[in-house]
Amino acid sequence: MLTLLKIQEYMSKALRGEVTVSPETVMTFKKDCSDSIVKQLGSDRGKYRIRMSGLGRPLCQQVLDKKGIKEEMSYNTLFRFMFGDLTESILMAIMQEAGVEIVDYQRDVELEIAGEKISGTLDVIIKDETGQDKVWDIKSASDWAFNYKFTGMGGYDKLKEDDPFGYLMQGFLYSEAVGLPFGGWIVVNKSNGLVAVVEVPDWSQEDKEYYLKDAADRIKFLNKPDVKPFKPYKPIAETYKNKGEIVFTGNKLLPRECNLCGYRFHCWPNAIMHSRVTSRAKSPPQVWYSTLKKKEI
């Protein structure tokens, strides 16, 4: 994609000292940084409201949020959020200087759906090489997410298959709010600085209709006066193979949906993070157990 080539070429030129930066871009970057501090450290954090950016998350999380139950996050999560904001602001500055044709940036949008007006802030609208304006979302990703969710083994279909943060619904809601196609995601690997563009396929109109209907159904559900918290997902029995036979350890793992959830201990008060019992690796991965009866095999 032409946008990606422009970004890569500009970054290479910058490393050779062949570019200058405009005062306008510097001022925009400064504002982005100050906005991040206000957002991440401000008193509005944690207030419940239905927003485009969060409507696609698991409904159980949204119900708990509405009930006033606070997410439990380790203190370093704040730095991860702010590092993400900073990374995205740097990419935006690079795109501005690289000649990417930016039509609008950080636009506040609103959409009436299921009788309610929901709001959001889209990242950027870019005019592509055909002259078409499209909505794009800028993401910073871990090395794992970059390689397995967005690129390599990932891509649009992979995101569609496993989308715990509601990225697809978010993009299609922004798209509908401004009446433009959703282009996809421009992603930065926070570990090594690689940049990738993940495009939404042309045939995605059916997906858009699905996500808009799903968003309407979610809003109706969340607006019920008697909405109740969900029962936890079912834990997963831990198994391994021994001479072709499947053996149960007696341990139970947290469901995939709960591993990254900030409400984990509300639903699983006895959850334990432990080295994967069935792993043969020298440094086994750390996983969450709901029940840990056997610590080695």
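Strands (E, at least two residues) and helices (H or I, at least four) are DSSP runs numbered from the N terminus, and two strands pair if DSSP finds at least two bridges between them. The model is a predicted one, in which local features need pLDDT of at least 70 and side-chain atom pairs count only at pLDDT 80 or more, while totals for chains, interfaces and linings use all residues. Residues are numbered from 1 along each chain as its sequence is written, and side-chain values use heavy atoms, with hydrogens and water left out.

E6 and strand E7 (residues 245-253) are joined in the antiparallel sense over six bridges, and Ala237 stands opposite Lys252 in E7. The hairpin of E6 and E7 has two residues between the strands, and in this hairpin Lys243 takes a positive phi near 55°. E7 also pairs with E9, in the antiparallel sense over two bridges, with Leu253 opposite Tyr289 in E9. E8 and E9 are antiparallel over four bridges, and the bridge partner of Met273 in E9 is Trp288.

A pocket is found on a 1 Å grid over the protein atoms alone, as an open set of points where a 1.4 Å probe fits, with protein on both sides within 12 Å along at least five of seven lines; lining residues have an atom within 4 Å of a point. The second largest pocket has a volume of about 300 Å³, a volume being the space filled by probe spheres set on the points, with grid points joined across faces, edges and corners. Its lining consists of 13 residues, and Leu254, Asn259, Arg276, Val287 and Trp288 lie nearest the centre. Helix H9 (256-259) and strand E9 are the elements that give two or more residues to this lining. The largest share, three residues, comes from E9. By class, the lining of the second largest pocket has eight nonpolar, two polar and three charged residues. Ala, Val, Leu, Ile, Met, Phe, Trp, Tyr, Cys and Pro count as nonpolar, Asp, Glu, Lys and Arg as charged, and the others, Gly among them, as polar.

An open sheet of five strands has mixed pairing and the order E1-E2-E3-E4-E5. Strand E1 (102-113) and strand E5 (195-199) stand at its edges with a single partner strand each, so one side of each is left without a neighbour in the sheet. Strand E3 (residues 133-141) and strand E4 (residues 182-189) pair in the parallel sense over seven bridges, and Lys139 has Val187 as its bridge partner in E4. Helix H4 (residues 77-98) lies across E1, strand E2 (116-127), E3, E4 and E5, and runs at about 135° to E3. Helix H7 (residues 167-178) packs on the sheet and touches E1, E2, E3 and E4, its direction making about 95° with that of E1.

The axes of helix H3 (residues 59-66) and helix H8 (residues 205-222) come within 11 Å and cross at roughly 35°. Leu59, Gln62, Val63 and Lys66 of H3 make the contact with Arg218, Phe221 and Leu222 of H8, where contact means heavy atoms within 4.5 Å. Four nonpolar, one polar and two charged residues form this contact of H3 with H8.

Methods:
Axes are lines fitted to C-alpha atoms, for helices over the stretch in contact, and angles run from 0 to 180 degrees between N-to-C directions.
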